[in-house]
Amino acid sequence: MIRSRILALAVGVAVAATTLCAQSASPIPPKPKSKKEAEAASAMYKAEGPDAQIAAAQDLITRYADSEFKGSAFYVMAFAADEKHDSINVVVYGEQSIAADPMNFGSMALMSRAIAQSTKKFDLDKAEKIARAQKLGKDAIELAKKAPKPNAQLTDEQWASAVSEMVAPAYEGMAYAAMVDQKYDECAAQLKLGLDSAPHPDPALMVRAGFCYRLAKKYDEAVAILDKAIADPNSVEQVKQAAIQQKKFVDQSRAAGK
């Protein structure tokens, strides 16, 4: 996974950690109560790699229990857990982020995807999980529309791009939730919305959208997005081969009238 642009913004664009609450729609940015707390927040945003990010965020929370950066710190931890493919802790940290900051749409988006991806067809609580993933995804997308620009130096285009990347997991979460429910039309539609809003669409998600379009019997749409995945300059060979294989399945389904 490419490192989140929001963490890059924290390091390269924000004048100080005191100005940053970018993964939240809260109109009031967090402020440190001391120079040491500001330094701890800055160190958290500058940490490289999931383990270092989690350690720095935990250090901030431990040393400054009443910090206004708590919601952001738990978001950093949820994001790091996501990079480690640790869906359980994405949810654990995400819940704590939202408890500290109910407008933290970044955490909601990550939780939506983590919950949906970990939900199986025959889970006894499948309906509850799907409903939760969908609600978190919808809430994240709506809150993201209200997110204030964290720094005046950011252009509107830069900020829109950053928000799109932060909220992208919400579209995936709603898509995967629909897939578990075998609602392939809805799965494809959500992935398409996410791809259309992304500044750098992920070719792997195009293949997944093609898969859902195929199962929804929308073969023309499937071929179109699979061709796009194959032609994308950022598409690695494994993704291209997956897209080519999906196109073969599309042809077989079309020929069989399925």
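1. Lys 126. This residue is found in helix H7. Helices here are DSSP runs of H or I with at least four residues, numbered from the N terminus (strands are runs of E, at least two). Leaving aside neighbours within four places in sequence, Lys 126 is in contact with Thr 119, Lys 120, Lys 121, Val 180 and Asp 181. Contact means heavy atoms within 4.5 Å. Lys 126 and Ala 222 are 96 residues apart in sequence; their C-alpha atoms are 27 Å apart in space.

2. Basis. This is a predicted model, in which local features need pLDDT of at least 70 and side-chain atom pairs count only at pLDDT 80 or more, while totals for chains, interfaces and linings use all residues. Residues are numbered from 1 along each chain as its sequence is written, and side-chain values use heavy atoms, with hydrogens and water left out.

3. Second largest pocket. Its volume is about 160 Å³. The lining consists of Ser 87, Val 91, Ala 114, Ile 115, Ser 118, Thr 119, Asp 125, Glu 128, Lys 129 and Arg 132. Helix H5 (87-100), helix H6 (105-117) and helix H7 (126-144) are the elements that give two or more residues to this lining. H7 provides the largest share, three residues. By class, the lining has three nonpolar, three polar and four charged residues. Charged means Asp, Glu, Lys and Arg; nonpolar means Ala, Val, Leu, Ile, Met, Phe, Trp, Tyr, Cys and Pro; the others, Gly among them, are polar.

4. How the pocket is defined. On a 1 Å grid over the protein atoms alone, a pocket is an open set of points where a 1.4 Å probe fits, with protein on both sides within 12 Å along at least five of seven lines; lining residues have an atom within 4 Å of a point. Grid points are joined across faces, edges and corners, and the volume is the space filled by probe spheres set on the points.

5. Helix H9 (residues 184-197). At 1.5 Å a residue, its 14 residues should span 20 Å, and the end C-alpha atoms are 20 Å apart, which agrees. The expected span is 1.5 Å times one less than the number of residues. Buried in H9 are Tyr 184, Cys 187, Ala 188, Gln 190, Leu 191, Gly 194 and Leu 195. These fall within an arc of 165° seen down the axis, so they line one face of the helix. The arc is taken from the directions from the helix axis to the C-beta atoms. The buried residues pack against helix H8 (156-180), helix H10 (203-215) and helix H11 (219-231). Buried means under 20% relative accessible area, exposed over 50%, and partly exposed in between (1.4 Å probe, protein chains only).

6. Helix H12 (residues 237-256). It has 20 residues and reaches 29 Å from first C-alpha to last, close to the 28 Å expected. Its buried residues are Val 239, Ala 243, Gln 246, Val 250 and Ser 253. They cover an arc of only 80°, which puts them on the same side of H12. Gln 238 and Ala 255 are exposed on the other side. The buried residues pack against H10 and H11. Gly 257 follows H12, with a positive phi near 75°.

7. Most residues other than glycine have a negative phi. His 85 has a phi near 60°. It lies in the loop between helix H4 (70-83) and H5, and is exposed at 73% relative accessible area. Phi of Gln 182 is also near 60°. Gln 182 sits in the loop between H8 and H9 and is partly exposed, at 46% relative accessibility.
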